[in-house]
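Welcome, and please have the structure open beside you as you read. The report below walks through sheets, helix contacts and a few single residues.

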Amino acid sequence: MYILGISAFYHDSAACLISDGEIIAAAQEERFTRKKNDDSFPENSIKFCLSLAHLSIDDLDAVVFYDKPFLKFERILETNLHYVPKSLISFLKAMPVWLGSKLNTKSIILNELKKIDSFDKKKLKILFSEHHLSHAASAFYPSGFSNAAVLTIDGVGEWTTTGIHHSVNGEITSLKEIHFPNSLGLLYSAFTYFLGFKINSGEYKLMGLAPYGDPNAEQTKSYIDKIKTNLISIKEDGSFQLNDKYFKYSYSLRTISDSKWEKLFEIKCLKPDSSPTKAHCNLALAIQTVTEEIVIKLAHEAKRITNSDYLCLSGGVALNCVANGKLLKENLFKKIYIQPASGDAGGALGCALAAYYLHFKKQYIPFQGDAMKGTYLGPEFSKKEILKLQNQFKAVFETFDSHQVLCSKVAQLIHSGNVVGWFQGRMEFGPRALGNRSILADASDVAMQSKLNLKIKFREGFRPFAPSICEEDLNDIFEISQKSPYMILIAWLKNQYRKSLPENYSKLDPIEQLTHVRSDFQAITHIDFSARVHSVSINTNPKYWDLLQEVKKITGTSMLVNTSFNVRGEPIVCSPEDAYRCFMQTEMDALVIENYLFIKTEQKDNQQFNWKRNFKKD
């Protein structure tokens, strides 16, 4: 049985193909169109999925959409009517879009599929899954658990913003829900905007900014108190209610009233690309702390009402790896599984799995191993497609017949201070690059974080970088109780690798904190000694594991800086051409595509590549 799942029309469109419950292929549309967070119908992603499996649309048993448009329209309509006349402008802008297209999602799907391939319209089954059911299914079915609590937290689906579910033997039962306009995801996004970042893409920047705040400062404590007193009331079971006096998203195209927030927190709304003050850092820490408190309370409640030893997490808030790391340290559950594509893209996977097990009533047998296949579910490219670079760009490269010799060469390049683009096999699904579309560097290089941010990624200098490490070495370096194959958990560096900090460290200016040498692995250690770890298995990614082993021969540690192969404002690279363009338009020193090595200084002069490019702003 073949089922195609689709997410589209809001942000981060994607498609996923499953066969008898096995995940065959999945990809985000942005990777093909090169438009970050592309919300269009995922035509290219669908073509890829079908092509990989050698299928036509007529071979599909069902096409499933990840939420229910009529329920979402009901929420938008009722909300706008409730806030009349304040909602009039928002209402007038939204209605033509809904009445003209979004209410006709089934027809749109059929018409868009016709552009891909001819098929028998009468035989094709089109199904719709509820948004939070899609999230829950995306986490539970690949988890390998037979009995688990499932916590889904995001901005909003149809009505639900937070859900506690219980999954037993393939069934998913919703036990508790929190509804719009009360939303932890939208609260966090409001702070994302206030602190100068873009909603739906800058939330992870806010998370990265938070450690620069001073947890002991009276200002930080005051901010936490103001958030809890004025913006959100939190109950012991993790349920919460927002004060709509401070939010505009229910009736306006804007999220908040800048003036009300500026008066409340006594600081100015930070403009995009402006440098944050210590006060802005303290506010980031405050909302991160409140978010962690709510997530942990919700997990306690999920444990209480399900009595399960296992927890699954999904939804956009599940990408908050700091909250995930704090939750792991609570030791509430024997194991926590977090869907690596927890945002809307993962809804394409979840709705397909929900249809297979719940609509078609197929037996659920917990998967032994990694059902997500390391997230390596996207396209890969042939030797012929790589060699096109030679004709197209006059690219110069060295070919390696031995993968081991290549890894040895690359490890030496990295150890010498070079930054290397690493492109192998199938592209990752989800927001993390996990060793197939990655930029790699020396984790111990004191200046590497600054170099990567400013000269390679073209992004804010405060942003931290993640380490990749062989999973068998993970516990030698980091304090963590389970593996982290998807780079979605925070772990803390063990004491023996930390440097001493000045007594006033938390009070220092963010730049001073950033540049102070704080660990043996400076490039991957955030200022609070945390790191978003990626544990690499020889079974899941043997080529990347081999490279880390070569690094270990030189340095004694199988660790590298691993950041996504892209620059600010652009999606992670998909094709060899994408990789070569990114390589040439940044100050990367070398590029590896499969068994081909490109050295920057050996490339032909080409006027179409400008290292001082005007990069897109996300």
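What follows describes a predicted model, topic by topic.

## Ground rules

In this predicted model, local features need pLDDT of at least 70 and side-chain atom pairs count only at pLDDT 80 or more, while totals for chains, interfaces and linings use all residues. Residues are numbered from 1 along each chain as its sequence is written, and side-chain values use heavy atoms, with hydrogens and water left out.

Helices (H or I, at least four residues) and strands (E, at least two) are DSSP runs, numbered from the N terminus.

## The ten-strand sheet

Let us start with an open sheet of ten strands, ordered S13-S22-S21-S14-S15-S20-S16-S19-S18-S17, in which the pairing is mixed. Two strands pair if DSSP finds at least two bridges between them. At the edges are strand S13 (398-399) and strand S17 (478-479), each of which pairs on one side only. S13 runs antiparallel to strand S22 (residues 596-599), and two bridges join them; Glu-398 stands opposite Leu-597 in S22.

Helix H15 (residues 403-415) packs on this sheet, where it touches strand S14 (420-423), strand S15 (437-441), strand S20 (559-564), S21 and S22. The direction of H15 makes about 150 degrees with that of S14. Here axes are lines fitted to C-alpha atoms, for helices over the stretch in contact, and angles run from 0 to 180 degrees between N-to-C directions. Helix H14 (residues 383-393) lies across strand S21 (590-593) and S22, at about 20 degrees to S22.

How many residues of S15 are buried? Five of its five residues are, so the strand counts as mostly covered; buried means under 20% relative accessible area, exposed over 50%, and partly exposed in between (1.4 Å probe, protein chains only). In a regular strand the side chains alternate between the two faces of the sheet. In S15, Arg-437, Ile-439 and Ala-441 point one way, and Ser-438 and Leu-440 the other way.

S15 pairs with S14 in the antiparallel sense over four bridges, and Ile-439 is the bridge partner of Gly-421. The pairing of S15 with S20 is antiparallel over four bridges, with Ser-438 opposite Ser-564.

## The five-strand sheet

There is also an open sheet of five strands in the order S8-S7-S6-S11-S12, again with mixed pairing. Strand S8 (171-179) and strand S12 (335-338) are at its edges with a single partner strand each, so one side of each has no neighbour in the sheet. On average, neighbouring strands of this sheet are turned by 20 degrees against each other, direction ignored.

Strand S7 (residues 160-168) and S8 run antiparallel and are joined by eight bridges. Val-168 stands opposite Glu-171 in S8.

## Two helix pairs

H14 packs against helix H20 (residues 576-584) at an angle of about 50 degrees, with the axes 9 Å apart. That makes H14 oblique to H20, given that angles under 35 degrees count as roughly parallel, over 145 as roughly antiparallel, 65 to 115 as roughly perpendicular and the rest as oblique. In contact terms (heavy atoms within 4.5 Å), Glu-385, Ile-386, Leu-389, Gln-392 and Phe-393 in H14 meet Pro-576, Glu-577, Tyr-580 and Arg-581 in H20.

Helix H6 (residues 131-143) and helix H13 (residues 344-359) pack at about 80 degrees, with their axes 7 Å apart; they are therefore roughly perpendicular to each other. Among the H6 residues in this contact are His-131, Leu-133 and Tyr-141, and H13 contributes residues including Asp-344, Leu-349 and Tyr-357.

## Two buried residues

Val-536 lies in strand S19 (residues 530-536) and counts as buried at 2% relative accessibility. Val-536 and Ser-468 are 68 residues apart in sequence and 6.7 Å apart in space, C-alpha to C-alpha. Leaving aside neighbours within four places in sequence, the contacts of Val-536 include Ser-468, Ile-469, Cys-470, Asn-541 and Trp-545.

Where is Tyr-376 placed? Tyr-376 is in the loop between H13 and H14, and is buried with a relative accessible area of 10%. Not counting residues up to four places away in sequence, Tyr-376 touches Arg-426, Met-427, Glu-428, Leu-434, Asn-436, Thr-540 and Asn-541.
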